[in-house]
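I opened my notebook to look up a few features of one protein model. These are my entries, in the order I made them.

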Amino acid sequence: MATPPVAPSQAEAGGNFEAPPPPAMQPPGTDMTGICFRDQLWLNTYPLDRNLIFDYFALSPFYDWTCNNEKLRMQSIHPLDISQLSKMTGIEYMLSEVMEPHLFIIRKQKRDSAEKVTPMLAYYILDGSIYQAPQLCNVFAARVGRALYYISKAFTTAASKLEKIGYVDTENESETSEPKGGKETIDFKEVKRVDHILASLQRKLPPAPPPPPFPDGFVPPTTEAEKEPENQQTAEPQPPAVDPIIDQGPAKRMKF
């Protein structure tokens, strides 16, 4: 029987007819707080408990296929086996809190040794929907920025109204002949003094403090406010930053 011809690329490979390996999976982004994941077909087929919750989490775009848990899955070992994960180094996921069947919290961390781990991100599965928990530094920065925005806006509004009171037309007061004994007279020197105090406080109002350093491997999200040059002190204050909890809560995220 005649031998079938061999392709040149296979012949040069020394008879190795195995297919080339698939391209490596890219790790997920660090800031995915604007989306959520839910697979209703999977939820209708399997129960949501501590034994199967990681298989469900691995279907989401939050899952890093290069983690140590995936290596254990390929070896038919439970991906959350702490006795096996403690012997490895690198990125891993741990099930930190469980309230079956409604709430599961999964922590992404970097393991350097059996005793040393560095938390990176946290995810929570609430009634079958998977979310990324916002960074605490982002929450603090957004809340402080929002508070400073409204305080600055209040000072600007108060200063503008006091400025209008200071320039009351005195001619209109002389035309009125009715007595104003029952009304409180305006001390313009006191008005200007208060206006000066408010203006000085507005200028001294410090900007939002910088957030604490991000964990290892985390890339902070860039906002449009950081790209634009700083406005002058007399300009209108910029709107507050997006709050990861108020503006990006579970009900406002894109579903996959």
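**Entry 1: Ser76**

Is Ser76 buried or exposed? I found Ser76 exposed, with a relative accessible area of 72%. Here buried means under 20% relative accessible area, exposed means over 50%, and partly exposed lies in between (1.4 Å probe, protein chains only). I placed Ser76 in the loop between helix H4 (68–74) and helix H5 (82–85). The phi of Ser76 is near 60 degrees, which is positive, and the residue is not a glycine. I noted the background: most residues other than glycine have a negative phi.

**Entry 2: ground rules**

I am reading a predicted model, in which local features need pLDDT of at least 70, side-chain atom pairs count only at pLDDT 80 or more, and totals for chains, interfaces and linings use all residues. Residues are numbered from 1 along each chain as its sequence is written, and side-chain values use heavy atoms, with hydrogens and water left out. Helices (H or I, at least four residues) and strands (E, at least two) are DSSP runs, numbered from the N terminus.

**Entry 3: the whole protein**

I listed nine helices and six strands. The protein has 256 residues, and 27% of them count as buried. It exposes about 17700 Å², of which carbon and sulfur atoms supply 58%. These areas come from the Shrake-Rupley method with a 1.4 Å probe; for residues, only the protein chains shown count as cover. Next I checked contacts, meaning heavy atoms within 4.5 Å. Among contacts with a separation of 6 or more, 55% join residues 24 or more positions apart.

**Entry 4: Asp127**

I looked up another positive phi. Asp127 is not a glycine, yet its phi is about 55 degrees. Asp127 sits in the loop between strand S4 (117–126) and strand S5 (129–132). How accessible is Asp127? Its relative accessibility is 45%, so Asp127 counts as partly exposed.

**Entry 5: S2 and S3**

I followed strand S2 (90–99) into strand S3 (103–111). A hairpin joins S2 to S3 through three residues. The two strands pair in the antiparallel sense over nine bridges; pairing requires that DSSP finds at least two bridges. Glu97 stands opposite Ile105 in S3. In the loop between S2 and S3 I found Pro101. The peptide bond joining Glu100 and Pro101 is cis, with omega about -10 degrees. Most peptide bonds are trans.

**Entry 6: Arg111**

Arg111 lies in strand S3. Is Arg111 buried or exposed? Arg111 is buried, at a relative accessible area of 5%. Its side chain reaches the backbone oxygen of Ala114 at 3.0 Å. Leaving aside neighbours within four places in sequence, Arg111 is in contact with several residues, including Ile82, Met88, Glu92 and Val117.

**Entry 7: Asn69**

I went to helix H4 and found Asn69 there. Asn69 is buried, with a relative accessible area of 0%. Beyond its neighbours within four places in sequence, Asn69 is in contact with Phe54, Tyr63, Pro79, Leu80, Leu85, Glu92 and Tyr93.

**Entry 8: helix H8**

I checked the length of helix H8 (residues 188–204). The expected span is 1.5 Å times one less than the number of residues. The 17 residues of H8 should therefore span 24 Å, and the end C-alpha atoms are 24 Å apart, which agrees. In H8, Val191, Leu198 and Ser200 are buried.

Technical notes:
A polar contact is a pair of N or O atoms within 3.5 Å; within protein, one must be able to donate a hydrogen and the other to accept it, and residues adjacent in sequence count only if both atoms are side-chain atoms.
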